[in-house]
Amino acid sequence: MNKPSYLIHFHIGKTGGMTLQNILKNKFQKKYLNLTMNKFQHDKNYNEYILNFINNNDDFKSKFQCLSGHMPYGLHNYLEGKVNYITVLRDPIQRIISDYYFTLKVPELPFNKFYLKNKKI
């Protein structure tokens, strides 16, 4: 029996990652999963969250081939088969400038709320 292969896309904000996510959604369709795990949205530690997610989704490993989103490195430790990671990078100064204006423009996002709470940027 062949082991499945997975593609994991790390989405780094303000790098064109949403464009890549849309491409991946179109390519993988029902085998695509957007997964976000970060300390601003989940109180549990990453390992506990990942294990709970996998254990509560019986067909997770057979149903999905592409994971995309904000997540920690190391998901390959929970998957059997070949795993490839991809991301998009951008000039760091241009990225920070873009992120600054995005934070001011969309303050209701969890990450932006964290930085704007009681702070002026």
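View 1. Tyr85 is partly exposed, with a relative accessible area of 25%; the cut-offs here are buried under 20%, exposed over 50% and partly exposed in between, using a 1.4 Å probe and protein chains only. This is a predicted model, where local features need pLDDT of at least 70 and side-chain atom pairs count only at pLDDT 80 or more, while totals for chains, interfaces and linings use all residues. Residues are numbered from 1 along each chain as its sequence is written, and side-chain values use heavy atoms, with hydrogens and water left out. Phe10 is buried at a relative accessible area of 18%. Phe10 and Tyr85 make a stacked aromatic pair, 5.1 Å centre to centre with 15° between the planes. Rings of Phe, Tyr and Trp (its six-membered ring) pair if their centres lie within 6.5 Å, and planes under 30 degrees apart count as stacked, over 60 as edge-to-face and the rest as tilted. With Phe10 in strand β1 and Tyr85 in strand β4, the pair links parts of the chain 75 residues apart.

**View 2. Phe10 again, now with Tyr73.** By the ring rule there are four aromatic pairs. One of them is Phe10 with Tyr73: the ring centres are 6.4 Å apart and the planes sit at 45°, so this pair is tilted. Phe10 belongs to β1 and Tyr73 to the loop between β3 and β4, so the pair ties together parts 63 residues apart in sequence. Tyr73 is exposed, with a relative accessible area of 60%. Put together, Phe10, Tyr73 and Tyr85 form one aromatic cluster.

View 3. Four strands make an open sheet in the order β2-β3-β1-β4, with parallel pairing. Strands pair if DSSP finds at least two bridges between them; helices (H or I, at least four residues) and strands (E, at least two) are DSSP runs, numbered from the N terminus. β2 (32–34) and β4 (82–87) are the edge strands, each with a single partner, so one side of each has no neighbour in the sheet. β1 (residues 5–10) and β3 (residues 66–69) pair in parallel over four bridges, and Ile8 has Leu67 of β3 as its bridge partner. Helix α1 (residues 17–28) packs on the sheet and touches β1, β2, β3 and β4, contact being heavy atoms within 4.5 Å. The direction of α1 makes about 160° with that of β1; axes are lines fitted to C-alpha atoms, for helices over the stretch in contact, and angles run from 0 to 180 degrees between N-to-C directions.
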